[in-house]
Amino acid sequence: MIEISQLNQRYGGTQILWDLDLKVEEGSCTCIMGRNGVGKTTLLKCIMGLLPADSGEIRIAGDNLVGRSAEFRPHHGIGYVPQGRDIFPLLTVEENLRVGLPCRKDKLKKIPDRVYDLFPVLKDMLHRRGGDLSGGQQQQLAIGRALVIEPRVLILDEPNEGIQPNIVKQIGDVITQLNREENMTVILVEQKLGFARRVGQQFRLMEKGRVVASDAMEHLSESLIMQHLAV
Amino acid sequence: MCCLGSTANAESGQTAATESLLARLPSANLRETATLVGELEQSGGDRMLPLFQIMLDGRLYSRKSDDALVAVTQPPTGDWVLTDVFTGASLGTATRREVSKVRVNNRLRVQLREAIARIQLNAEDAGARLAAVDTLFGDLNDSSAALLSERRDLETDDKVKGAIEEALALYRLRSSSEPAVQVAALNVLAESLNTEVRYAVEQLAAADSAAALPVRNAARKALTRIDSNLEFYGFLEQLFFGLSLGSVLLLAAIGLAITFGVMGVINMAHGEMIMLGAYTTYVIQLLMPDHIGLSLWIAIPAAFLVSGLVGVIIERGVIRFLKGRPLETLLATFGISLILQQAVRTIFSPLNRQVASPEWMSGSLEINAALSITYNRLYILLFALLVFALLQLILKKTSLGLNVRAVSQNRDMAKAMGIRTEWVDAMTFGLGSGVAGVAGVALSQLTNVGPNLGQSYIIDSFMVVVFGGVGNLLGTLVGGFTLGVANKFLEPMTGAVLANILILVFIILFIQKRPKGLFPQKGRAAND
Amino acid sequence: MTESRSMLRLSGREGTLFIGVLFAVTVLASLANLVIPEDSFLHVSTYTITLLGKYLCYALLALSVDVIWGYCGILSLGHGAFFALGGYGMGMYLMRQIGDRGVYGNPELPDFMVFLNWQELPWYWYGFDNFGFAMLMALLVPGVLAFVFGWLAFRSRVTGVYLSIMTQALTYALMLAFFRNEMGFGGNNGLTDFKDLLGFDLQADGTRVALFMATALCLGGAFLASRYIMGSRLGRVILSIRDGESRARFLGYRTELFKVWLFVYSALLAAVAGILYVPQVGIINPGEFSPLNSIEVVVWVAVGGRGTLYGAVIGALLVNYAKTRFTAILPEGWLFALGALFVYVTLLLPHGIAGWFTRRFASKSVKEAAA
Amino acid sequence: ADTIKVGVLHSLSGTMAISETTLKDTVLMMVEEQNKKGGLLGKKLEPVVVDPASNWPLFAEKTRELLTQEKVDVIFGCWTSVSRKSVLPVIEELNGLMFYPVQYEGEESSKNIFYTGAAPNQQAIPAVDYLMDELGVERWVLAGTDYVYPRTTNKILEAYLKAKGVAAQDIMINYTPFGHSDWQSIVSDIKKFGSAGKATAVVSTINGDANVPFYKELGNQGISSEDIPVVAFSVGEEELSGIDTAPLVGHMAAWNYFESVDTDANAAFIDQWRAFTGDDSRVTNDPMEATYIGFNMWAKAVEKAGTTDVDTVASTLIGMTTPNLTGGTATMLKNHHLSKPVLIGEIQSDGQFEVVWETEDLVPGDAWSDFLPASKPIVADWTAPINCGNYNTETKACSGQNF
Amino acid sequence: MSWPAPLEEMRHRDRVFPHLRPKAKVDVSKNVLLYVEGVSVSFDGFKALNNLNLYINEGELRCLIGANGAGKTTMMDVITGKTPCDEGTVYFGQSIDLLKRSEPEIAQLGIGRKFQKPTVFEAQSVFANLELALKASKGIWYSLRASLSGPQRDRIDEILALINLSEAREQLAGSLSHGQKQWLEIGMLLVSDPRLLFLDEPVAGMTAQETERTAELLNTLAGDHTVVVVEHDMEFVRSIARTVTVLHQGSVLAEGTMDEVQNHPEVIEVYLGSDE
Ligand SMILES: Nc1ncnc2c1ncn2[C@@H]1O[C@H](COP(=O)(O)OP(=O)(O)OP(=O)(O)O)[C@@H](O)[C@H]1O
Ligand SMILES: Nc1ncnc2c1ncn2[C@@H]1O[C@H](COP(=O)(O)OP(=O)(O)OP(=O)(O)O)[C@@H](O)[C@H]1O
Ligand SMILES: NC(N)=O
Ligand SMILES: [Mg+2]
Ligand SMILES: [Mg+2]
């Protein structure tokens, strides 16, 4: 489904991603892990087109996305939950959700109920400004917002940051459900091993802008963890 | 040929005396003309009406070849068209040099107007009769008073009759020394709103007035009554002035409320967008000089397109490269505003251009003698509200409104949600600029159409948007009207200059109380 | 990462360079005017000296705007007000110096008061015949105004465009007020026809050169002082206020006091610029309060590159020089040129001319280091 | 130098461009014509145009540039009084020569400036006389923009009216800011003031851009020239070309020149102007005539003096005559002002004025008004023995001269 | 006599020159450092805090948990002066009424805070960020002349090492990754050496090992400092907590040891969720 090859990216003078290769299969749930600052977020932003890649290819279902504008991606079924939530602070919860509607293939005019089923708080807070929500509520809104476009690929950057335990569980279930039942491809950046193990099928470990290990989640060994995740 | 004029006169049945008076007109100087007009009214009576009217309009000329009096119509191009003064029959054409004008000055115009009024007192049309009474109102003498009372007995129209009563009452009040007559007149006049009446009554009521005691008392009572009426209407008038000024501020600011308020672009070229709209109106009028009214209607969409297009070009060409550097848009748009001003100066000259007002935009709606509302301001007030409502509709009901807010709050995330940010930027900036252009059409009806037009509104516009609260269209509406009304209520007390200063000081102090304007953006995000 | 470090270091170096150039030009130009005979092609005319003096005043004004805008993020669209108030202070002193040499020969009243039938000098004109007092007021009035305005605004946390537009309202209100003839400042005509300053004839070459040198001195002083401030921890606090005022508050900084302090400092610089400006151009009029003038100052700073101090100076000099040249060469089209310059700078030199310099410098020194 | 340089100091941008650009073109036209006639003293004239951009300090700077860098022999320039005040010290310091072509408030006479526009006694006073005598006006509104010219003119008029026995409550004075555009309240007040049963007139010193909205409001509130005539001192053909004049017919202006005046010289001038601008609808106006007179007078003086030396030309200029466009002859007086005819014109629907009244003789321009207490004793006389712009006839002193 | 506000301000010499101010004496004679009593806050009718009572002892390490939207951040906003409250009292020690003080004053009393979303001065270097946070006078004139003393420099270096940003010391804070910013903000808190620290979700976005390190760090801080931590990471909470307070809908739902809280049925219901 997603094939990234030889991706390079730099901020001004500093190169962050170095000839990065990554492959994600259709319908899989892949966890990307790595220490702070190794370039996980940068990678996702490159996939989303929010950062320009210096060189390399990013193919989703065969199309090379490098050079295509960011707004093209949601129309092709890629949903994104950014790190730090990036809620539109002055739009109401409802408006935050509505923003994505035009990307849907079925041109639905109403926010699908599923979002409210998954995150009931959102229904209660429909008319509150997104920015007023608590951190966790915003995180839920961010996931809900990405689901509105009914993505084929869902990209989540640390979706559990600041979320209360029972909802973390719930989010895990949602991801699993979407992945298993609707065959949605999921890319998940996650720091919490427990969650990653529970939800992910595949893992990719990053170090200094490269993917240094990839395998099925069962094979994520203590030694790998010590090697790539410990400080 | 030489006798055509006089033949026509003979046909219309002028007496010899009138004929000879008419023959003296072309060569008379202004003083002599005045005497001639008086004599013509005496001898010619009603039949002189067309002559007087044409003279009043400044269309009476004499043909140099035969000294015949002709009425002239000046088409925009080509020779002048001559017609017979009394019959309207065509007398061919002539160049400017072949005719010479029968000169009329102010004093003569007054005289003509009164003469026409005396004739028109018996006109078919009630409106014409009313106008005639109004013309004669304060200047009655014995004979015209007699004319009026004659008319009163015949009059069927209540309004005209009322006006005649009032005019006669004022005449009696002034001319009679009989206390009873005066008191009776005062009773009639107590309901009058005419300032001339008030002045006459005030003189009687004054402490040093020579009037008899009962008259003086009646006058005082009448004066109180008149004053309280006037005060009420004065208040309404001021309110209207305020709303009208507010509507101008609203129109000027509303485009900015979008480009600056919603998009966050400090658009120093906003004023020039208004200016472009005004110039568009001018150009459209040039293209269709005979349809002033229609041209105005066409100018509205045209101005929207012109300014909107220029807005889109500015956005695509400059502002789009300044994303994330909002303050630098100030610099770039300032440069653009200089360029646009100079461009207009080069293309249209630095002089003001003349934009005519259609008939229906001129004059005023007379509600009563104390309160009349000028049509142009009334229409502009309504127009401003309409534009506002339309804009609200667009921003609330179309996806553009939601998208532009999303883009301005978080551009990257908006992209990630599939919003075509570039397109939204261009459209929104185009919309804001286009609306400014539409404002220019309205302003062309009130003020100069010149290269500096934009400059004179830019500061006020920013002030209104900020006062109302950035990002809130309703705030702009309320802000505009508040400042307009406040200004107009201050002005009589302080004079125009000081009123302006006080309003500014008020805004400065107000912002201390509400640092985010009248309708602030609320919430956690807005607080940081 | 290396970029930010080199940026800091370079701006220090360029600042020193700047002071050097300023000093050299001032001395050379003055000598060239006074010593070198007029027919020599090395002679610098008094016209040029006066022009340079005026430019330096503008540069000082630009510097004052850069201090608050570039470093503290307070975009003042009304700094012309402080400049003009300083100018009026000086103007009032110069008016009083005319004494009975006015056209009506009235020893007390300035001419414009005489012919509009003023009977006596308004109280607020008292004392302006004393140079010290006049200068004190020329600084005090703008200083106090800045203090009161800043105090009110910053305490109520008026920020961003709201603040900008309020500064604009301030200068606009002052402009309207000074236009009023009743104010007793000569209305639209302002104050003109000055004769001498501290006994020196304003039209004498020596006086002009002295004024020019004084201006250069003030500019240099202001530059050094501002550089010191911005280099100190205070400067870093100011930067943090620009980037995250509320965070700075949570660190215990009373940001409103810092802002008021800086605002007053900046207003005083502007006032000094105004004080020096008036004797050199020979007129002060309410037009100086015009919001457009203040916006132009911001434009100079942006053209030069904000947040660098010397950039503001370069911007002011360049734009004004361009204006002088263009108005003479292209009288009909200079606004096109000027407008295009602004657009060009914003689009292609995002950090202004100073930013461009820095990058040139930086890339050169990187190359040098590599070689 | 092998050419004679003529400096042109008129704003081509900014707020004053609207008025001043025309004058720049006029000077260029005059220069071109003079060059066709072979120039002056056998040399071609070379115009040097600069743009002081409606910025008053810039006027001073540009003057200095013209005099010291360009070394021009004469300057034609300025419109607003403040620009002239800004230029004055420079021109005196560098001993330049300037012609100032606009009607102004007076109270000035510089050795180096020749004033070819009207002084208040050549415009305001005759206009008031006309209103009083011919139209029987008893109540007066003095409306002006709040700056020195209207203030001074109104001060003079107020004194004059009171001297003529007009009561204080019959005078209403109103000032508005530059570019004032909302005239609703003021026009409404004028309307009320004017309906007290006495003939009322407005004497307008409203400046420039504020006029269009003012007249529009007058028209819309139904104030016709028969009810309350307005006589303006700053509204000429050029300003009217930006207004739909149909509703304004009969309102007046007082000037020393109108385009409509039917003389051969004027017809030729108009034709020349239209040919020069290539625009058949361009109008002419009073400051243009003043420029025309100033230029011709200067040219004549240079011919006569045989040099462009400022002092020589200046002294030659005094007493010099040149025909003006409306018939008579303009004479340069000892106070550097002209003697001029005063005309009252009524606005016509075609945007022209029709002369309805005219002074019988030429009116000599008075630099120092007789109606201001402080100026009354002052005279300007640039001939020996006085040789001073502000000579006090009481103290027999001349103050503030640097020469 | 009452002075106009600006004069009033000037009259307090110590406020103009804050370094002259005598060190505020926090009276902790009852061993309670912070009293939050009966605090209510509402936004447009929505009660974010509802009669909240909370007491923090001197030297304590307190964990605060609660559902998203329970009001934890809002409570910190109230204590640190960001948000005014409708009702209630907040005292620092026995005698200092925090509600009467502004944010900087509260910060100067020694109450530090790390925000939920990392907030650092993005345009300044990591080092400068720490320097600004240093425990020192925050006055204008002092800042103008301030220079780093040797011990201060050492302290900063020490902290830099601790937060693993030694190499990034000259880097602009804005170019740090999310997790690095978290660390930097903790570092800023540490150099300012506050008496009472509020940490809003300090380990969000950190790896397991980093989380452990943070836990250690907090454990060493407690005692000398009073620490209040908000977290949703239960393992982390368990590793540091002595007392845990659970907030729900703006008021305290439960308080006790970790075990007590974890077995509290309502807490399980609204917050933890049951382990199937
Ligand atoms: N805007 C920027 N400019 C320069 N460097 C940046 C920028 N954003 C991130 N970096 C650098 O890029 C590197 C990778 O950052 P990124 O945000 O991708 O890390 P991450 O793996 O997502 O870390 P975390 O787990 O902390 O979120 C970091 O070293 C960071 O300092
Ligand atoms: N300014 C505001 N306007 C409206 N509602 C607000 C505002 N601030 C906070 N709220 C609401 O108050 C409630 C408490 O928010 P708070 O941020 O304190 O929650 P929290 O306990 O910190 O949650 P989390 O663990 O998700 O960060 C939330 O429901 C939020 O929506
Ligand atoms: N001189 C004038 N009209 O300002
Ligand atoms: Mg990340
Ligand atoms: Mg929170």
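Donors are N, O and S atoms within 2.8 Å of the metal (3.2 Å for Na, K and Ca), and sites may look incomplete because water is not among the atoms. The model is predicted: local features need pLDDT of at least 70 and side-chain atom pairs pLDDT 80 or more, whereas totals for chains, interfaces and linings use all residues. Side-chain values use heavy atoms without hydrogens and water, residues are numbered from 1 along each chain as its sequence is written, and chains are lettered from A and ligands numbered from 1 in the order in which they are written.

**View 1. Magnesium site in chain A.** The magnesium ion (ligand 4) has Thr41(A), through OG1, and Gln83(A), through OE1, as its protein donors, at 1.8 to 2.1 Å. Thr41(A) belongs to helix 1 (residues 40-48) of chain A and Gln83(A) to the loop between strand 6 (78-81) and helix 3 (93-98) of chain A, so the pair ties together parts 42 residues apart in sequence. Helices (H or I, at least four residues) and strands (E, at least two) are DSSP runs, numbered from the N terminus. Thr41(A) counts as partly exposed at 21% relative accessibility, while Gln83(A), at 15%, counts as buried. Buried means under 20% relative accessible area, exposed over 50%, and partly exposed in between (1.4 Å probe, protein chains only).

**View 2. Open parallel sheet of chain D.** In chain D, 5 strands form an open sheet in the order 2-1-3-4-5, with parallel pairing; two strands pair if DSSP finds at least two bridges between them. Strand 2 (44-50) and strand 5 (113-115) of chain D stand at the edges with a single partner strand each, so one side of each lacks a neighbour in the sheet. On average, neighbouring strands of this sheet are turned by 25° against each other, direction ignored.

**View 3. Strands 1 and 2 of chain D with helix 2.** Strand 1 (residues 3-9) of chain D pairs with strand 2 of chain D in the parallel sense over 7 bridges. Leu9(D) stands opposite Val50(D) in strand 2 of chain D. Helix 2 (residues 56-69) of chain D packs on the sheet and touches strand 1, strand 2 and strand 3 (74-77) of chain D. The direction of this helix makes about 175° with that of strand 1 of chain D. Contact means heavy atoms within 4.5 Å; axes are lines fitted to C-alpha atoms, for helices over the stretch in contact, and angles run from 0 to 180 degrees between N-to-C directions.
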